[in-house]
Amino acid sequence: MEPNDTATRYDQIAHWWQTKHQHSTYGIAQLERTIKFTSLRHSALDVGCGSSGRFLRILSQHGFQAEGLDISSEMINLAKLLHPEITFYREDICCWIPPKPYSLISAWDSTFHLPLNVQEPVIKKLCEALEPDGVLLFTCGGGHTTSEISGVFQGQNFEYSTLGVDAFLRILTSHRCTCRHLEYDQYPENHVYIIAQKT
Ligand SMILES: C[S@@+](CC[C@H](N)C(=O)[O-])C[C@H]1O[C@@H](n2cnc3c(N)ncnc32)[C@H](O)[C@@H]1O
């Protein structure tokens, strides 16, 4: 599925997402774990931030200058209403050029929607956008090899792709990032989160 089609589907559920996730703890312990690895608290970017801005709120509380990016206009419009003080980018992460280096980048359940052929360039882009010692958190499908699946969520059909865990680890290493933590946090679901740090 092309990113613009993913955006159209998320536009349809942006209100639901905000109500459901504004106070959700899903992924928050994992974000807190990621923050513990940081030595610098300059700018932080949440890729695919959604409409609740829940990661942005935590990042701001920890002293980061938090910024949110999302391809869905509705997600961004709603997030702006809740967090008028935060900088938001309505952009596709595949085409976006980071304007600055970041101390922390999170991509919680967002890059797993990208088409297979852009998984590697996007993870590379996120690694390159980190400051020295900067930390990346992202989720991915935890299979051994590349795969693509689709599924219905809140009445919308979504697609997901993964390169497989070993390939993601190779990409991180080849872009000067070391894996600090990898966990199948919803086992036996094939959902993995990875924390990596720039050397
Ligand atoms: C499952 S939601 C997760 C939202 C948020 N990270 C959270 O946990 O509350 C996925 C989000 O990723 C965004 N997204 C998907 N593909 C994207 C892309 N190519 N560029 C930027 N955002 C994207 C969607 O619009 C959606 O808001």
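**Helix faces, rings and salt bridges**

Modeller: Let's start with α7: its buried residues are covered by, among others, α6 (116–128), β5 (130–141), β7, β8 and β9. Contact here is heavy atoms within 4.5 Å, and the elements are DSSP runs, numbered from the N terminus (helices H or I, at least four residues; strands E, at least two). This is a predicted model, where local features need pLDDT of at least 70, side-chain atom pairs need 80 or more, and totals for chains, interfaces and linings use all residues. Residues count from 1 along each chain as its sequence is written, and side-chain values use heavy atoms, leaving out hydrogens and water.

Biologist: Which residues of α7 are buried, and how do you know that they line one face?

Modeller: In α7 (residues 165–174) they are Val165, Ala167, Phe168, Ile171 and Leu172. Down the axis they fall within an arc of 165 degrees, so they line one face of the helix; the arc is taken over directions from the helix axis to the C-beta atoms. Arg170, Thr173 and Ser174 are exposed on the face turned away from that buried side.

Biologist: What makes the buried residues of α1 sit on the same side?

Modeller: Pro3, Thr6, Ala7 and Tyr10 are the buried ones in α1 (residues 3–12). Their arc is only 100 degrees around the axis, which puts them on the same side of α1. Asn4 and Gln12 are exposed on the face turned away. The cover over the buried side includes α2 (14–21), α5 (73–82) and β7 (156–162).

Biologist: What makes Tyr10 and Trp17 an aromatic pair, and of what kind?

Modeller: Ring centres must lie within 6.5 Å (the six-membered ring for Trp), with planes under 30 degrees apart stacked, over 60 edge-to-face and the rest tilted. The structure holds 13 aromatic pairs. Tyr10 and Trp17 have centres 6.3 Å apart and planes at 85 degrees, so this pair is edge-to-face. Trp17 and Phe153 are also edge-to-face, at 6.2 Å and 65 degrees. Trp17 belongs to α2 and Phe153 to β6 (residues 147–153), so that pair ties together parts 136 residues apart in sequence. Phe153 is partly exposed because it has 29% relative accessible area. One aromatic cluster takes in Tyr10, Trp16, Trp17, Phe153 and Phe158.

Biologist: How do you know that Glu67 and Lys100 meet in a salt bridge?

Modeller: The term needs a side-chain nitrogen of Lys or Arg within 4 Å of a carboxyl oxygen of Asp or Glu. For Glu67 and Lys100 the N to O distance is 2.3 Å. Glu67 lies in β2 (residues 65–70) and Lys100 in the loop between β3 (87–90) and β4 (102–107), so the pair ties together parts 33 residues apart in sequence. Glu67 is buried because its relative accessible area is 3%, while Lys100, at 29%, counts as partly exposed.

Biologist: How many salt bridges does the whole structure hold?

Modeller: Two. Glu128 also pairs with Lys124, with closest N and O atoms 3.6 Å apart. They are four residues apart in α6, so about one helical turn separates them. Both ends are partly exposed: Glu128 has 49% and Lys124 has 34%.

Note on methods
Buried means under 20% relative accessible area, exposed over 50%, partly exposed in between (1.4 Å probe, protein chains only).
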